[in-house]
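Here is a walk through one protein model, from a single residue out to the whole chain and back again. Keep the structure open and turn it as you read.

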Amino acid sequence: MTSIVPTSEEDPSISVVRFTSELAWDDAGPEVVESQVDGLCMEAQEFIVKGRWLDLVSLMLTSADLVFSKVSEKDLECIYTVICSLVSKSESPSEALEMAKLIATNVSQQPNDKPALRLKILFNLYNLLENPFSRFFVYMKALDLVVNGKVVEHIIPSFKKIDNFLKEWNIDTLHQRQLFLAIANILKDNKGSLKDSFNFLTKYLDTFSCEDSYVMSEAKEEAVRAIVEFVKAPGMFQCKLLDMPAVVQLEKDGKYALVYQLLKIFLTQRLDAYLDFQAANSTLLKSYGLVHEDCITKMRLMSLADLGSNGSGEISYALIKDTLRIADEEVELWVVKAISVKLLDCKMDQMNETVIVSRCTERMFGMHQWEALRSKLAAWRGNVASVMSTIQSNKAAEDGSQATHGLTIRQ
């Protein structure tokens, strides 16, 4: 296989044009090959002299496309490294952006042909760019490539840096939506990333606030998807969906009102409410792939956590039995389940048949929960102040007693 050999006498761009054009015209005969290669090299040389970098990139990409399937991945990486390096030659930010768009679009066009290499090329291009929006554009093209090329594992590590990327890119709300939804869709089908997918979907929905009803309606399908994903997830017991404008709009929607009602049951009510809902809407639940037995299991755990968050911190076995609709001998089993999924920190008093709760997970954390926390902190502060006052009073009394005892001895 022919390889590119850079020389000190020829510009790397010309070497790439010569190499790719020779391969592209290889079957046309020596005279045609020489004519075409010389013509393309002269054209490339003219672009270099005149600083027409965008035109040079376009020329080189055309030749690279023609030989993409004919050369090794090592040579392809070399070819595109030279092409990508041209973005740093332009003194015009707008031209550099157009060059980046041209390269990224070209590289992501055939996602099933060497997808890992294409993704590597895009990352190399990303690192050469200085303009924040150019970087954002290339990253979004990389996400498109990942979706169609099935190379998810190569890009997942970058998702952990999204907050840093957002600060760097400084993109508007619309572009943030595109980003969050693209990542959520990528992670949706990746085993082990369902929670991360839900988190990015939540970020997407959270970008909708004061928009008009037409714009807000764009989020309806994803809002429904988020609700269904939350209800389905066996290890997810807390979310902030209920008060999001993009989700709240479903409450009065003729098509999706019942889905919102289901979310409300899971976040604010107990098992009995779910059973009543299921009895009236079993077909709806099945249409969204929700399994009744799984929903009962999750609602029992969430109902138990709700019992722990209300009251004196003690729950009777009898109340657990009635709320969860279980037999006497199952009460402790469900308490253990709640502890194992970190919904409760508690101890079981088997003698008195009570559960003593020291901590429980709130299903949602809104204004009501903040007020409750504030009240608890105020109470704790008062208790601490009372203890401090008592200690100081006792110390003053003790000091006074010692002083009186000293006077008595001297007399």
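Let's start at R118, which counts as buried, at 4% relative accessibility. This is a predicted model, by the way, so read everything below as computed from it. What does R118 pair with? Its salt-bridge partner is D113, and the closest N and O atoms of the two are 3.8 Å apart. The cut-off for a salt bridge is 4 Å, and the D113–R118 pair falls inside it at 3.8 Å. D113 counts as partly exposed, with 27% relative accessibility, whereas R118 is buried.

Now step back and look at the whole chain. It has 411 residues, and 44% of them are buried. In secondary structure, you'll find 20 helices and 3 strands. If you take the contacts with a separation of 6 or more, 61% of them are between residues 24 or more positions apart.

Two packed helices are described by the angle between their axes and the distance between the axes. Take helix α3 (residues 53-67) and helix α5 (residues 93-107) to begin with: their axes cross at roughly 10 degrees and come within 10 Å. Parallel or perpendicular? An angle under 35 degrees counts as roughly parallel, so α3 is roughly parallel to α5. On the α3 side, the residues that meet α5 are W53, L54, V57, S58, L61 and D65. Facing them from α5 are E95, E98, M99, L102, I103 and N106. Sort the residues of this contact by class and you get 7 nonpolar, 2 polar and 3 charged.

Which residues make the contact? From α17 come T297, R300, L301 and L304, and from α19 come W334, V335, K337 and A338. The classes in the contact of α17 with α19 are 5 nonpolar, 1 polar and 2 charged.

While you're on α17, have a look at S303, which lies in this helix. Is S303 buried or exposed? At 0% relative accessibility, S303 counts as buried. Beyond its neighbours within four places in sequence, S303 is in contact with R270, L271, T323 and L324. F266 sits 37 residues away from S303 along the chain, yet their C-alpha atoms are separated by 8.7 Å.

T202, in helix α11 (residues 194-206), is another buried residue, with 8% relative accessibility. What does T202 touch? Setting aside its neighbours within four places in sequence, T202 is in contact with K240, L241 and M244.

For contrast, go to E34 in helix α2. E34 counts as exposed, at 51% relative accessibility. In sequence, E34 and S21 are 13 residues apart, and from C-alpha to C-alpha they are 9.6 Å apart in space.

Helix α2 (residues 30-50) also holds E46 and K50, which are 4 residues apart and thus separated by about one helical turn. E46 and K50 form a salt bridge, with 3.1 Å between the closest N and O atoms. How exposed are the two ends? E46 is partly exposed, with a relative accessible area of 36%, while K50 counts as exposed at 53%.

That brings us back to charged pairs in general. Side chains of opposite charge can pair when their charged atoms come close. How many salt bridges are there? The count for this model comes to 15. One of these joins E229 and R225, at 3.0 Å from N to O. E229 and R225 both lie in helix α13 (residues 220-232), 4 residues apart, or about one turn of the helix. Both E229 and R225 are buried. Salt bridges can also share partners, and in that way D113, K114 and R118 are joined into one network. So the tour ends at R118, part of that network and buried at 4% relative accessibility.

How values were computed:
Residues are numbered from 1 along each chain as its sequence is written. This is a predicted model: local features need pLDDT of at least 70, side-chain atom pairs count only at pLDDT 80 or more; totals for chains, interfaces and linings use all residues. Side-chain values use heavy atoms; hydrogens and water are left out. Contact means heavy atoms within 4.5 Å. Helices (H or I, at least four residues) and strands (E, at least two) are DSSP runs, numbered from the N terminus. Ala, Val, Leu, Ile, Met, Phe, Trp, Tyr, Cys and Pro count as nonpolar, Asp, Glu, Lys and Arg as charged, and the others, Gly among them, as polar. Buried means under 20% relative accessible area, exposed over 50%, partly exposed in between (1.4 Å probe, protein chains only). Axes are lines fitted to C-alpha atoms, for helices over the stretch in contact, and angles run from 0 to 180 degrees between N-to-C directions. Angles under 35 degrees count as roughly parallel, over 145 as roughly antiparallel, 65 to 115 as roughly perpendicular and the rest as oblique. A salt bridge is a side-chain nitrogen of Lys or Arg within 4 Å of a carboxyl oxygen of Asp or Glu.
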